[in-house]
Amino acid sequence: LLPLTLLVLATLALPAWAGGNIVVANRASGDISVIDVDTDAVATIAMPAGTNPPQPMYVFYSAGRALAFVGDRANNRVVAFRAGDFSVETSVPAGNGVFHMWGSDAIDQLWINNDIDNTITVIDTVALTVITTIPTPADLVALGGKPHDVIVEPNAPYAYVTMLGIAGPDDYVVKYSTDTFLEIGRQAVGKDPHLSLARQSNLLYVPCQNSNAVFVLDRATLSLMPSIPVASAHGAGMSRNGKSFYTTNIAGGGVDALVEIDTKTNTVVDLWDTTVPVPHNIALTPNGKKIYITHSGAVANAVSIFTRKNKNQPPSLTTVVTVGQNPFGLAYVP
């Protein structure tokens, strides 16, 4: 099913869609796709020109100034788009190797991992300036470690960064203070870890693709809880009510592509297939009724959409829409 795709410039206004949008960063085509959550129609918006062809990676929405931030790996920057019309507000410099990023409106911070510099850039999401640049742990970097995923607590002064590619059987989660920007703890986890959490609990969910498990940590102590077996667990999406954690089986070819975990019991409650391989990242609408999954790869251009008709029914795959090339990160933007 191919939707009508509108090509618009970043300076042109889009319709005011009542249900909000899912914004997708298309790494290979240098643009973002805006999916109307009411109709699933797609609009494509070019990234602003840079020294190099843009390479959008991940998306974070900040309500402080109603901006959608998109990391641009090729130009060592983060581009801030206005949520109302997706025109460009400004660009803020970051480090070399922009990858995952996450922020918190409670402290007006956006954390960006730079996996070539092995640093973390922290941006003020209101002033739109760089607060600081944090070096990642030298001992883990010496073992081959690079910062990858990051998440910032919405209700506590902590951020968590994964360090992957470390020689040996473990990768790491490193806990930082968002006040002092110093490391305050770390925990060994599985290989190729990603991150998710809910404000309603004290747990950190860490899907580890190459360990075929979701590791679970106590956020206060970083102590390990029982892990949850999931094949090639990669993507990370949490429902707003904190009751369901979703991950993807990225290497399954579309079989058991979306996995739902009940956060009360920390057990898998359901699995769904996709018709497209390489299910990567996940975004949910605030009411949890729609789940969007990017399918990544050099020639990939699809986002799968699951719809839950009511809270008593599981979601089902309803459509696949065409976006830009190699869709990576995505986020809900009201």
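Predicted model: local features only at pLDDT ≥ 70, side-chain atom pairs only at ≥ 80, totals over all residues.

Student: Which residue in β19 is the bridge partner of proline 207?

Tutor: Residues are numbered from 1 along each chain as its sequence is written, and side-chain values use heavy atoms, with hydrogens and water left out. Strands here are DSSP runs of E with at least two residues, numbered from the N terminus, and two of them pair if DSSP finds at least two bridges between them. Strand β18 (residues 203–208) pairs with β19 in the antiparallel sense over six bridges, and the partner of proline 207 in β19 is valine 214.

Student: Which residue takes a positive phi in the hairpin of β19 and β20?

Tutor: Four bridges join β19 (residues 213–218) to the antiparallel β20, with valine 216 opposite methionine 225 of β20. Five residues lie between the two strands of this hairpin, and the one with a positive phi, near 65°, is leucine 222.

Student: Is serine 232 buried or exposed?

Tutor: Serine 232 sits in the loop between β20 (224–229) and β21 (237–238). Beyond its neighbours within four places in sequence, its contacts (heavy atoms within 4.5 Å) are Gln209, Asn212, Thr248, Asn249, Ile250 and Ala251. Buried means under 20% relative accessible area, exposed over 50% and partly exposed in between, with a 1.4 Å probe and protein chains only. Because its relative accessibility is 12%, serine 232 counts as buried.

Student: Stepping back, what is the radius of gyration of the chain?

Tutor: The chain has one helix (a DSSP run of H or I, at least four residues) and 29 strands. For 334 residues the globule rule gives 20 Å, and the chain's value is close to that, so the chain is as compact as a globular protein of that length. The radius is taken over C-alpha atoms, and the rule is 2.2 Å times the number of residues to the power 0.38. The radius of gyration of the chain is 18 Å.
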